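This report covers a salt bridge, a sheet and a disulfide. Please keep the sequence and the structure in view while reading.

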Amino acid sequence: MNRRTLLAVLLVATVAVGGAGVASAAGNNSTTATPVADGGHPVAVDGVLSVTGWEYEDGRMNVTLRASQYKSVTLAASAEANGRVAQAAYRQVVLQRGDTTTVSLPADRVDGAASVSVTTGACIASGSCPTIYSDDNTGPWLTGGSEVGWLGGAGVALASCFGIGWWTLRRGTEEPEVA
């Protein structure tokens, strides 16, 4: 095998491994039109309801809601799937004008974070309702975003480069290379 062939094989392997790492990380993060909040700042659900705070504590997601008018809201917590089915906790709450209330739901960590979706008739009609995530990602570090895929792909590609280079230098042929 001459050097050009070896270089071409190395280039194809590097691109394939790097792309596979990115595709693997992209598979962990589903993209939706739903806005995702990741902190304690206020999040507008619709023109009447807002989420003013949340925290994850002892397996429960506590979400504080504030309504400027009468509003019926449904909250759905994240649930670990058992086979192909997940049984999620749901709560429906009715708030009067000016009410602020905190709703507590049992929520499982899925990919390291717990979440609660907050829905109203108005946000469903608009096609976009928020999902609130806990800010404690205590799962394995490989459940991160696309940067983990890039780093993993680059790491495997770099290891491949060093491995092929080491093999080329140490392959033990006593013959001189012909260009």
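## Burial and the cysteines

A residue counts as buried when its relative accessible area is under 20%, as exposed when over 50%, and as partly exposed in between. The model is predicted. Cys123 has a relative accessibility of 1%, so Cys123 is buried. Cys129, at 12%, is buried too. Cys161 stands at 31% and is therefore partly exposed.

Cys123 and Cys129 are joined in a disulfide. Their sulfur atoms lie 2.0 Å apart. The link of Cys123 and Cys129 is right-handed, with 100 degrees about the S-S bond. The structure holds 1 disulfide. Such a link is a covalent bond between the sulfur atoms of two cysteines.

Lys71 belongs to strand E5, which covers residues 71–77. Is Lys71 buried or exposed? Its relative accessible area is 14%, so Lys71 is buried.

Which residues touch Lys71, once neighbours within four places in sequence are set aside? The contacts are Asp46, Val48, Leu49, Val93, Val94, Leu95, Thr120 and Ala122.

One of the contacts of Lys71 is Asp46. The side chains of Asp46 and Lys71 form a salt bridge, at 3.1 Å from N to O. This pair links distant parts of the chain, 25 residues apart. Asp46 sits in the loop between strand E2 (43–44) and strand E3 (49–57), while Lys71 is in strand E5.

Both partners, Asp46 and Lys71, are buried. The count of salt bridges comes to 1.

## The four-stranded sheet

What is the order of the strands in the open sheet of 4 strands? The order is E2-E3-E4-E7, and the pairing is antiparallel. E2 and strand E7 (100–106) are the edge strands. Each of these two pairs on one side only. Strands of a sheet pair through backbone hydrogen bonds, in either parallel or antiparallel fashion.

Within this sheet, how many bridges join E3 to strand E4? There are 8, and the two strands run antiparallel. Strand E4 spans residues 60–67. Leu49 stands opposite Ala67 in E4. Leu49 is also among the contacts of Lys71.

## Summary

Asp46 and Lys71 meet in a salt bridge, and both residues are buried. Cys123 and Cys129 form a disulfide. Cys161, by contrast, is partly exposed.

Key. Residues numbered from 1 in each chain as written. Predicted model: local features only at pLDDT ≥ 70, side-chain atom pairs only at ≥ 80, totals over all residues. Heavy atoms only, no water. Buried < 20%, exposed > 50% of the residue type's maximum accessible area, 1.4 Å probe, protein only. Contact = heavy atoms within 4.5 Å. Salt bridge = Lys/Arg side-chain N within 4 Å of Asp/Glu carboxyl O. Pairing = 2+ DSSP bridges. Disulfide = S-S within 2.5 Å.
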